[in-house]
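Please open the model in a viewer and keep the sequence panel at hand.

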Amino acid sequence: MNKDICISVQGIQNTGSGWETILTKTTGTYYFENGLHVVNYHELDEHGTATDNILFLSETEMRLCKSGSLSGQFLFLQGEKTLAEYLTPFGEMNFEVETESYKMRAKKKDINALVIYRLYADGCLFLENNLSVHIEDSGIENIGL
């Protein structure tokens, strides 16, 4: 896969009032190092505030690191519970992340990942989410200068 990529991140989430779909499509950069697919991309919220994201994908786990208006690190390991600190403009939130399932498929020109998880705050269910990630070449060939 080329360094320049297109990424689509779709979350289908339920915070207790029904399911809602959130879709982000953007461009970013990709590299493969130490057995990890690493993707850097930016996303904008509804107010135009940017968050930088680094996504680490392997056969067994997905890690999402956010910095900017929202910051924190989430680790998704199938069948496991992990802890996450999440900083928002409204303050710090601590979550327990329970990953029900995680699958990742990497091919020469694209990568697909799906993680189904629940977030708990103070022992209470806060969010259920089905997060799918699709990464593909941007179509722009890298030219070494």
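Strands here are DSSP runs of E of at least two residues, numbered from the N terminus. The model is a predicted one, in which local features need pLDDT of at least 70, side-chain atom pairs count only at pLDDT 80 or more, and totals for chains, interfaces and linings use all residues. Residues are numbered from 1 along each chain as its sequence is written, and side-chain values use heavy atoms, with hydrogens and water left out.

Asn34 is not a glycine, yet its phi is positive, at about 50°. Is Asn34 buried or exposed? With 74% relative accessibility, Asn34 counts as exposed; the classes are buried under 20% relative accessible area, exposed over 50% and partly exposed in between, computed with a 1.4 Å probe on protein chains only.

Next, select Asp122, in the loop between E9 and strand E10 (124-137). Asp122 belongs to the hairpin of E9 and E10, which has two residues between the strands, and takes a positive phi near 55° there. Asp122 is not a glycine either, and its relative accessibility of 80% places it among the exposed residues.

## The barrel

Now display the whole chain as a cartoon. How many strands make up the closed barrel? There are 10, running E1-E2-E3-E4-E5-E6-E7-E8-E9-E10 with antiparallel pairing; two strands pair if DSSP finds at least two bridges between them. The twist from one strand to the next averages 25°, where axes are lines fitted to C-alpha atoms and angles run from 0 to 180 degrees between N-to-C directions. Strands of a sheet pair through backbone hydrogen bonds, either parallel or antiparallel.

Colour strand E3 (residues 36-44) and strand E4 (residues 50-57): eight bridges join these antiparallel strands.

## Strand E9 and its partners

Select strand E9 (residues 110-121). Nine of its 12 residues are buried, so E9 is largely enclosed by the rest of the structure. On one side, 10 bridges join strand E8 (residues 91-106) to E9 in the antiparallel sense, and a hairpin connects E8 to E9 through three residues. Thr99 stands opposite Tyr117 in this pairing. With E10, strand E9 pairs over 12 bridges, again antiparallel, and Ile116 stands opposite Asn130 in E10.

## The aromatic cluster

Show the side chains of Phe74, Phe76, Tyr86, Phe95, Tyr117 and Phe126, which ring pairs link into a cluster. The rings of Phe, Tyr and Trp (its six-membered ring) pair if their centres lie within 6.5 Å, with planes under 30 degrees apart counted as stacked, over 60 as edge-to-face and the rest as tilted. By this rule the structure holds five aromatic pairs.

Centre the view on Phe76 and Tyr117, a tilted pair with 4.7 Å from centre to centre and 50° between the planes. Phe76 lies in strand E6 (residues 71-77) and Tyr117 in E9, so this pair ties together parts that are 41 residues apart in sequence. Both Phe76 and Tyr117 are buried.

Move to Tyr86 and Phe95, whose ring centres are 6.3 Å apart and whose planes meet at 55°, so this pair is tilted. Tyr86 is buried at 15% relative accessibility, and Phe95 is buried at 3%.

## A charge over a ring

Select Phe56 and Arg63. The charged end of Arg63 sits over the ring of Phe56, 4.3 Å from its centre; the criterion is NZ of Lys or CZ of Arg within 6 Å of the ring centre and within 35 degrees of the ring normal.

## Ser8 and the cysteines

Select Ser8, in strand E1 (residues 4-14). Ser8 counts as buried at 18% relative accessibility. Which residues is Ser8 in contact with, leaving aside its neighbours within four places in sequence? They are Leu23, Thr24, Lys25, Ser132, Val133 and His134, contact being heavy atoms within 4.5 Å.

Finish with Cys6 and Cys65. Cys6 is partly exposed, with a relative accessible area of 27%, whereas Cys65 is buried at 17% relative accessibility. A search of the whole structure finds zero disulfides, a disulfide being a pair of cysteine sulfur atoms within 2.5 Å.

Methods: Helices (H or I, at least four residues) and strands (E, at least two) are DSSP runs, numbered from the N terminus.
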